[in-house]
Every structure is written in structure tokens, then in C-alpha cells.
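Work through the exercises below with the sequence and the model side by side, and try each task before you read its solution.

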Amino acid sequence: MNTLTDRYLAATLRSVPAQRRDEIASELRASIEDMIEGRTDGGQDATTAEREVLTELGNPDVLAARYADRRLQLIGPTYYLVWLRLLKLLLSFIPALVGTIVTIVEAAEGKGFGAIGPGLVVALQVAVQIAFWLTLTFAIIERSQTPVNLPDWTVDQLPDAPVHRGIPLADTIASVVMLVATIAYLPIQHFQSWVRGTDGENIAILDPALWSFWLPALIVVLVASVIFEIVKYRIGRWTWRLFGTKVLLNLAFSVPLVWLALSDRLLNPALGERLSWLADADNRNLLGAAIAVGTAVVVVWDLIDTAIKTRRQTA
Amino acid sequence: MVSEDVLRTHLQELRRGTVVVASLVALRRPDYGYALLQRLTDHGFPVDANTLYPLLRRLEDQGLLTSEWNTAESRPRKFYRTSDEGESMLSRLLDDLAAVQTSITGLIQGVDR
């Protein structure tokens, strides 16, 4: 016997807890037969009645879920907001961080410009992994019988209303674009400096020996500065803690740069072969000093400007 | 003009809890699933079969209904009946339903005046 009713029952009982399966089966079968009988008594033919009754009962999986009191959602309203917040938080920095580290490691191994590819792939993989495992965890919590005690919401959690934006979006975007352009310039100048050697090969502007430590380190500082700009924008105004962080970041970038420039380790020695002006040690020292002074002036001016803004906005 | 969909949603919300009350009242006289469905419909409580059958089981699990198989007739049927626990729960629910009606009436009169 393999009537529509049999098939419907089998489909429903498939996902009902085993210990109650038999009882639900007999009861549901009786109910279906009662319903069919109710229709045939009204003059309908048995086949049509059966089809209509089963259609009325609807998707067997939905019915089974109702019998088993099972959730028909992956993550319900109890946990959805927590899940979303954690997902946003984790995705906001972990993939970028891991991707950057991979890029730097690959670049340090001499892959240069080609290091961006593996970095992007790893960042994407990390993002997918985070989303998958976090969702799986919450789906399991959703289905566990013991309720997880989430902290109750209190008014103290209210974020500050953005009354006065001390940090315009345009400034943040400009800073981030500048930082990203600087990050991109470091590998690009290594492969495409538009300075050609005598036999046409590319001569990097910066000393390739710096890739063993200093350039990756500067990239890390620049990436940290990008994160800093975004955090600063989210906070919405200058605070002394932000100012302190900015001082540290600026020094972390400018001190190595100045030191490298002064000790004549910044520029590629091979440039001297092409640009005769640079072959002279005095000229190189002059250029190094100019770079060092220029950097110092920019940094000091920026810090004074920031200190004034911070003072105004914290007052 | 009120949209049909909006109206249907609100009616559904309004009716949702009353199915339990109606079932507990109706099952003071023992009955099986399909017959209860018919009785509820006849008394103005249209309810979907795929809602009612699982609901009866759930109320039984909560101890508000007791059940018994009746094998005397042509096909074995499971008869449900409101338990003592179900009865005391029902009186609380009925009180609340009456309180809602009273509140609404009072509110309507208060606004009218």
C-alpha cells in the first residue's frame, strides 16, 4: 500500500522524535481518514478528497515541526541581535588583519606586488570561516534546551548621541585614501618606479634591502593608522586618548623614516648609477636631511593642529 | 481603506490565544481531533487542522489535557479531555478574557463621553 496518505504520513513522521512516532502516526492517520470521510460524505470522490485534505494539512515538514515544537528559523529573535553584533565586530577587523599579515609575510619573502593576491584570498577565507562558525554556534544555542542568560539591556548601554561631529566624514575619507595610497606605493615603487637601469630593468626608489624588516613594519603602522582613522570617526570627536594614540602612530612612522633617511639607508643605492647627482655622497646626505626635516615639520605641525582641536573639543 | 493583508494579520493576532481557550472549554466533553475541529468551526472558531492537531498534543504534554484511545468504533481514535489542571488554567484564562472585554468596554465608553 502506497497511497498519498501513506506517503504524507511517512514524510511527516520522518522528522518527529522517534519515541512518539507511532502514536502520532495512528492519531494523524485517523484524523486524515476522518477528514476524508467528512468530504466523501458530502458527495466528493475519495481521490479528490484525499488530495484536498492533504493539501489543507500542508507541507509535512511544517506539520512535523509543529508536532516536535521545533524552531523553523536558524537564529530566532532572542539571539539574532547578539549574533549580528558579534558578526559585525569580528568581520570588521579580523579578516583585514590576517590578510594584511599574510600580505606582509609574502612581500617579505620577495613576492612583492604579487603578495596582495594571497592576502585577499586569505582575508576572504577568514571572513567566510568566521561567518560560518559563528552562525553554527548560534544555531546550536538556539536549539539547545537550556536558555543562555544574556545580560539584560540597560539604559547605560546607550551610545552618546552624535550631537556635534568634530570629525567630518570627508576628512576621514581623505586620510584613509592617503594612507592606502601610501601603503600601495611601497610595493608599486619596487616594481614600477619608472627609473630604468642601463639595460632597461626597473630600479626601485627605496632600498630593496628594507623589505627584510623596515618596509613591512611601516606598512603595519600605516594599516594601524587606517584603523585609527575609522575608530576616530566612529567616536566622532577628538579625545586625549585618541590624541595619545595618534602621537604614538605618527612617531612609529616618522622616527624610523627620519632615521633611515639620515643614515642614508632609505634610497636604493642603485639609483646612483642612473642619476649621477645621487652618486655623490654629499648630495645623498643633503637629500636625506631634507627628507628628515620635511617629515619632522609635517609631523610636528600635524600634532600641534591635532592638540588644538582636541583641546577645543574636550573643553 | 484598510488593506486586506493588514486586517488578516491583526485578526490572526487577536484570535491566536483564543483557540486554546476554546479547545479547553470544548474538551470538557471528551472528543477526538477532527470532531473537535468541526465543533470549533461550527461555533465560530475556524482553526486550521495543521494548527489544532499539534496544539492538542502540546496541551497534553503540558498536562492540561488527558487522552484515551477509543477502539470501540470503526477506527481507533484518540479522545482528549480537559484535565483538572486544564480546568484551573481555563478559569484563569476566562477571567482574563472577561477582564479584557471589560477594559475595552470601559475604554470605549470613556472615549465616547
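This is a predicted model: local features need pLDDT of at least 70, side-chain atom pairs count only at pLDDT 80 or more; totals for chains, interfaces and linings use all residues.

Residues are numbered from 1 along each chain as its sequence is written, and chains are lettered from A and ligands numbered from 1 in the order in which they are written.

**Exercise 1.** List the elements of chain B in order from the N terminus.

*Solution.* Begin with the terms: helices (H or I, at least four residues) and strands (E, at least two) are DSSP runs, numbered from the N terminus. Chain B has 5 helices and 3 strands, and from the N terminus on they follow the pattern α-α-β-α-α-β-β-α.

**Exercise 2.** Work out the strand order of the open sheet in chain B, and state how its strands pair.

*Solution.* Step one is the rule that two strands pair if DSSP finds at least two bridges between them. Step two applies this rule to β1(B) and β3(B), which pair in the antiparallel sense over 2 bridges. Step three turns to β2(B), which pairs with β3 (residues 77-82) of chain B, also in the antiparallel sense, over 6 bridges; here B:N70 stands opposite B:R77, and B:T66 stands opposite B:R81. The order is therefore β1-β3-β2, with antiparallel pairing, in a sheet of 3 strands. The edge strands, each pairing on one side only, are β1 (31-32) and β2 (65-70) of chain B.

**Exercise 3.** Which elements give two or more residues to the side of chain B that touches chain A?

*Solution.* The contact takes 12 residues from chain B and 16 residues from chain A. On the side of chain B, the elements that give two or more residues are α3 (33-42), α4 and β3, and the largest share, 6 residues, comes from α4(B).

**Exercise 4.** What percentage of chain B is buried?

*Solution.* A residue is buried if 20 or more other C-beta atoms lie within 10 Å of its own, exposed if 12 or fewer, and partly exposed in between, with C-beta atoms placed from the backbone. Of the 113 residues in chain B, 19% are buried.

Note on methods:
Two residues are in contact if their C-beta atoms, placed from the backbone, lie within 7 Å.
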